[in-house]
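This report examines selected side-chain interactions and packing.

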Amino acid sequence: MFLNKIKSGESGILLYGITPPKEETIPERVAEIAEKTIARLIPLDLDALIVYDVQDESARTSEERPFPFLKALDPFMFASSYLQDLHIPKIIYRPAGKFAKEELSDWLDALHKNNFYPVFVGVPAPDFPVKTSLPEAYKIWSKNESTSVIGAVTIPERHDILKDEDKRIIEKTNCGVSYFISQCVFNIAFAKQVIEDLSCTCKKENIKFPTIIFTLTACGSAKTLNFMEWLGIHVPDDLKEDLKNSKNILEKSVNVCLDIASELADFCTERSIPFGFNIESVAIRKEEIEASIYMVNKIAEMLDKKGIRKMKIVSI
């Protein structure tokens, strides 16, 4: 169970991340999308499904958004109303600052009743009016601490600039957060530096290591690559050129992600830091969706070969 694995600090956790359909999608089409999603995911050996909250982050940067922003359905509504037949835990993202304390409390109660788990994220822009701070949101959640777990986000790119991601992680750990899901990793050096500094800080302060879950995403086109960079994902220049010049950018990016997964698995294992992977599928192209499924299976196989996670047959 996801809950027990996080609480016990077990490594090899596998998650899958999706976005809900767009808000203007008619209910019949939403049901069809959900049915196809369930059919794809049931055969996979997953610990939980992440359903993202899609926010318009245009105010975060002056650069033009490569793709237009389209509002998506509420992730909790989509998961609870359309994905009931996928019998794995659901992790729901929510920007806590956009909601009053009473709203957050009611939402957390609804999550708990469905055996869902929250991840609180920041507001879409620095000047966005905050109704509830993250520490306040964690305190509201704490009433379910004995029977739930709460996650947070970690951004390796931020650590490269501010050098304080390890301290941010510790601060949130002190508020009850027990696992952290990274922004998509294409710069493995950034991810390793966070882990190295977190390891030193935890040992120095005698703090239990939280679980770090690395997000991996296949990239199917140069335009998608531009969008990833717009989102703040750092792709090293040499890798960027390799991707752009490859005959098949999707295949190349998948192989890069699998290499990153294997290297990070060894790196965390050597430091006794519990870890896992989140394979993200936010594209609508069939080829990219199929690539994400392939990545789940290959990473599960890799973890099994390293003795980190035992593969199991999932009954359909």
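This is a predicted model: local features need pLDDT of at least 70, side-chain atom pairs count only at pLDDT 80 or more; totals for chains, interfaces and linings use all residues.

## Salt bridges across the fold

A salt bridge is counted here when a side-chain nitrogen of Lys or Arg comes within 4 Å of a carboxyl oxygen of Asp or Glu.

Lys5 belongs to helix H1 (residues 2–8), while Asp47 sits in the loop between helix H2 (27–41) and strand S2 (48–51), so the pair ties together parts that are 42 residues apart in sequence. Lys5 and Asp47 are both buried. A second example pairs Asp74 with Arg94, where the closest N and O atoms are 3.6 Å apart. Because Asp74 is located in the loop between S2 and helix H3 (75–82) and Arg94 in strand S3 (residues 90–95), this pair ties together parts that are 20 residues apart in sequence. Asp74 counts as partly exposed because its relative accessibility is 31%, whereas Arg94, at 9% relative accessibility, counts as buried.

Arg168 is partly exposed, with a relative accessible area of 28%; Glu165 is buried, with a relative accessible area of 1%. Elsewhere, salt bridges with shared partners connect Lys5, Asp45, Asp47 and Arg309 into one network.

Is Glu280 buried or exposed? Its relative accessibility is 17%, and buried means under 20%, so Glu280 counts as buried. Glu280 is part of strand S8 (residues 275–280). Beyond its neighbours within four places in sequence, Glu280 is in contact with Gly17, Tyr52, Thr215, Leu216, Thr217 and Ser292.

Glu280 and Ala218 are separated by 62 residues in sequence, yet their C-alpha atoms are 7.8 Å apart in space.

In soluble globular proteins, nonpolar side chains tend to be buried together. The largest nonpolar core in this model has 84 residues, of which Phe214, Phe277 and Ile299 touch the most other members. Helix H11 (residues 249–270) gives the most to this core, contributing 12 residues.

Not counting residues up to four places away in sequence, Ile299 touches Leu14, Leu216, Leu258, Ala261, Phe277 and Ile279. A second, separate core comprises 17 residues, including Phe2, Val119, Ile181 and Ile213.

## Packing of helix H9

Which residues of helix H9 are buried? In this helix (residues 222–230), they are Thr224, Leu225, Phe227, Met228 and Trp230. These buried residues pack against strand S7 (211–217) and helix H10 (237–245). Just after H9, Gly232 adopts a positive phi of about 105°.

Terms used. Residues are numbered from 1 along each chain as its sequence is written. Side-chain values use heavy atoms; hydrogens and water are left out. Helices (H or I, at least four residues) and strands (E, at least two) are DSSP runs, numbered from the N terminus. Buried means under 20% relative accessible area, exposed over 50%, partly exposed in between (1.4 Å probe, protein chains only). Contact means heavy atoms within 4.5 Å. A nonpolar core is a set of buried Ala, Val, Leu, Ile, Met, Phe, Trp, Tyr and Cys residues joined through side-chain atoms within 4.5 Å.
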